[in-house]
Amino acid sequence: MKSIRIGTRNSALALWQAREVARNLQNRNYLTEIVPIVSSGDKNLNQPLYSLGITGVFTRDLDVALLNDEIDIAVHSLKDVPTQLPQNIEIVAYLERDFPQDVLIRKESSRNKEFHELKLATSSLRRRAFWLKNYPHAEFSDIRGNIQTRLQKLEEGDFDATILSLAGIKRMKMDIDYEMLPLMIPAASQGVIAVAGHSDKTEINEILSQINHKKTQICVEIERNFLSTLEGGCTAPIGAFAEMIENQICFKAALCSLDGKNCIATDENFEYNDTENFGEKFAKIVLENGGKELMTEIKNSY
């Protein structure tokens, strides 16, 4: 078989993730080639993007490259992948989850401040809402960009700390101090590398099934089903995390108002079976307990 073309964004973290997928395939004696895809709005498609449902800000160009047969597979950080995938694209493999947690990183001048005193830089509605739930008088600044950019902005900006995904820090082997944040429920599928493929490429998809980590797949599908049942097309402060120990699932999730004052949480332990849609089941309970009104309130805030 010819070399498997692995599509990726061209950031340092995205390339690391692509190389990790390549390593898993090479260990099984498959040839691979990494193809960085630079963002561009002028890909040639027969159908307009909106008719294919291509909406993911971070995944759109890779989706187009897959559909145009410029690559065979696309590697993503799964939390960036919309729960509704474009026509003919599917997630075909999940690598084993490593670090799902959010962590706090302070600038040196804020080392001795208490959590409630910190001015935080984060653009994530989820991180803001969960922080406000615990520290209702907190102040925030917007911050965007890759890990290196955010850390630079932290040093230069008028704020005390930022919150980042531990997975990115570990994968980039960054030697920085961080604090764990038990108060945060991670974003659905945080810390998971996913491989998307074209539904017509059955041979390649069969190969990818060899590198799939089944326990991770079960957990993130519960999280993503929870998210998709709640979300209704808007970005909302939702955390969801499932962990599998033998055949038992521990599932924690919450939907918060933007100001953190109203938080509807679920904490479940149950035995897994493959016939029940647990993510949907628990999301419906949240919706029935005030989540529907809360989602409407969040959507109307945009």
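Start with a definition. Two rings of Phe, Tyr or Trp count as a pair if their centres lie within 6.5 Å. Planes under 30 degrees apart make the pair stacked, over 60 edge-to-face, and the rest are tilted. Keep in mind that this is a predicted model.

How many aromatic pairs does the structure hold? It holds 9. Take W131 and Y135. Their ring centres are 5.0 Å apart and their planes meet at 45°, so this pair is tilted. Is W131 buried or exposed? Its relative accessibility is 0%, so W131 counts as buried.

Now a second pair, F278 and F282. Here the ring centres are 6.4 Å apart and the planes are at 25°, so the pair is stacked. Both residues belong to helix α9. They are 4 residues apart, about one turn of the helix. Remember the general rule: an α-helix has 3.6 residues a turn, so residues three or four places apart point the same way. F278 and F282 are both buried.

Where is the kink in α9 centred? Look at G290: the kink there is about 80°.

What does the buried side of the story look like? The buried residues of α9 include A283, V286, L294, M295 and I298. What do the buried residues of α9 pack against? Their partners are α8 (214-231), β12 (248-256) and β13 (263-271).

The charged end of K107 sits over the ring of F159, 5.9 Å from the ring centre.

Last topic: backbone angles. Most residues other than glycine have a negative phi. Two residues here are worth a look. D69 is not a glycine, yet its phi is positive, about 60°. You'll find D69 in the loop between α3 (60-67) and β3 (73-77). Its relative accessibility is 41%, so D69 counts as partly exposed.

N88 is not a glycine either, and its phi is positive at about 75°. N88 lies in the loop between β3 and β4 (89-94). With 34% relative accessibility, N88 counts as partly exposed.

That's my tour. Questions, please.

How values were computed
Residues numbered from 1 in each chain as written. Predicted model: local features only at pLDDT ≥ 70, side-chain atom pairs only at ≥ 80, totals over all residues. Heavy atoms only, no water. Bend = angle between axes of the 7 residues up to and from the residue. Helix = DSSP H or I, 4+ residues; strand = E, 2+ residues; numbered from the N terminus. Buried < 20%, exposed > 50% of the residue type's maximum accessible area, 1.4 Å probe, protein only. Contact = heavy atoms within 4.5 Å. Phe/Tyr/Trp six-rings, centres within 6.5 Å; stacked < 30°, edge-to-face > 60°. Lys NZ or Arg CZ within 6 Å of the ring centre and 35° of its normal.
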